[in-house]
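Me: Hi! Could you look at this one with me? I have a few quick questions.

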Amino acid sequence: MLNTDDNSLEARVAWLYFMEGMTQADIAEKLGMTRLRVNRMLVEARTSGLISITLNSRFATCVELEQALIREFGLKDAVIIPTPDDPDLVPVLLGQAAGEYLSNFLEANRVKGLGLGWGATLRETIRNMRPGRYPDLCVNSMMGGLTHGLELNTFETASSLANRLSAECQYLAAPIYAGSPASRDIILSQDVFREAFERISANDVAVLSIGDLSLRSLLIRYGLPRDVPTEELLALGAVGDILGQFYDAEGRVIDHPLNLRAIALPLSELSRIPTVILASGGRNKIPAIAAALKAHLASVVICDENTARAARDLVLAGDASQESPMGGRRSRP
């Protein structure tokens with residue numbers, strides 16, 4: 001973590017580089033530091049959100065892919081950004097794009113309920129939201145949270161966005177998973193949780209991310225119950241999760257008790273929310289994003305170009321394999 005002096009120096013380095021057009025070597029000489037340190041500070045400035053870069057032109061291939069996704073999957077909208085060389089920058093850059101998109105959406109539409117998932121991309125999204133005053137807006141978490149502290153917990157995600165927008169905030173004060181399906185039913189039978197889920201179902205907008213089953217997944221690392229090994233989920237065909245619920249390559253929730261333990265809006269009810277924004281990317285999430293597209297789990301997709309293109313190709317390849325030799329479609333299992 002940078003201290004106050006380091007933050008001030010980082011801001012000065014960023015100003016000299018981006019605003020005054022100085023080279024890294026010139027900045028190093030001017031400020032009496034090494035060029036390597038200048039480079040590291042510029043990287044930190046981008047990843048921390050101190051610097052937000054907006055291009056006045058769009059990559060033609062990204063725009064073309066956006067239109068293809070909208071047309072082929074019945075989306076309301078799509079935002080595709082160029083894929084960075086460094087995979088660790090994917091959530092940072094997607095967060096910038098999602099923050100810009102959501103800021104514009106709130107300014108153009110009357111939104112009373114905004115539901116949130118969790119994850120690194122959504123943390124970056126909130127960092128890149130334009131501050132505003134929305135006293136009639138209720139920001140709410142759509143799933144339970146971790147029982148131990150973590151910066152990316154659902155509670156912090158919802159409160160951070162509400163503070164940025166001067167909006168009301170409502171938590172789903174429960175763990176991500178109950179101990180069993182029966183205990184989940186008992187929890188949700190209480191009045192406070194029935195009211196919470198009525199509020200969640202009435203959201204105008206949901207902003208969610210997708211998890212995969214690799215160790216890059218925060219849910220796999222921090223949230224999965226100890227009595228559920230990842231191998232069990234993979235054996236049932238799981239390719240990813242949304243709101244802690246795991247689904248297969250067709251976008252169908254897998255038949256595992258864990259999904260019945262999730263304290264979150266069921267994926268089958270996402271279609272009730274007028275605008276569901278899925279912001280996610282990275283090569284490790286290609287199968288999960290493809291399945292979400294195939295099952296129409298989102299109305300707006302924000303993704304990086306290489307991932308979105310591979311996910312689209314994966315869906316189209318699967319659809320082509322369903323074609324019979326006579327040109328008709330085979331029935332799906």
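Me: Cys138, buried or exposed?

Reply: Cys138 is buried, at 10% relative accessibility; buried means under 20% relative accessible area, exposed over 50% and partly exposed in between, with a 1.4 Å probe and protein chains only. This is a predicted model, where local features need pLDDT of at least 70, side-chain atom pairs count only at pLDDT 80 or more, and totals for chains, interfaces and linings use all residues. Residues are numbered from 1 along each chain as its sequence is written, and side-chain values use heavy atoms, leaving out hydrogens and water.

Me: And how many disulfides are there?

Reply: The structure has 0 disulfides, a disulfide being a pair of cysteine sulfur atoms within 2.5 Å. For Cys138, the nearest cysteine sulfur is that of Cys169, 7.2 Å away.

Me: How accessible is Cys169?

Reply: Cys169 is partly exposed, at 24% relative accessible area.

Me: Switching topic: what are the domains?

Reply: Domain 1 covers 4–48 and domain 2 covers 58–321, with bounds from an automatic or database domain assignment. Their C-alpha centres are 35 Å apart.

Me: Which residues are closest to the centre of the second largest pocket?

Reply: Ala120, Thr121, Arg216, Asn284 and Lys285, out of 37 lining residues. A pocket here is an open set of points on a 1 Å grid over the protein atoms alone, where a 1.4 Å probe fits, with protein on both sides within 12 Å along at least five of seven lines; lining residues have an atom within 4 Å of a point.

Me: What's its volume?

Reply: The second largest pocket has about 680 Å³, counted as the space filled by probe spheres set on the points.
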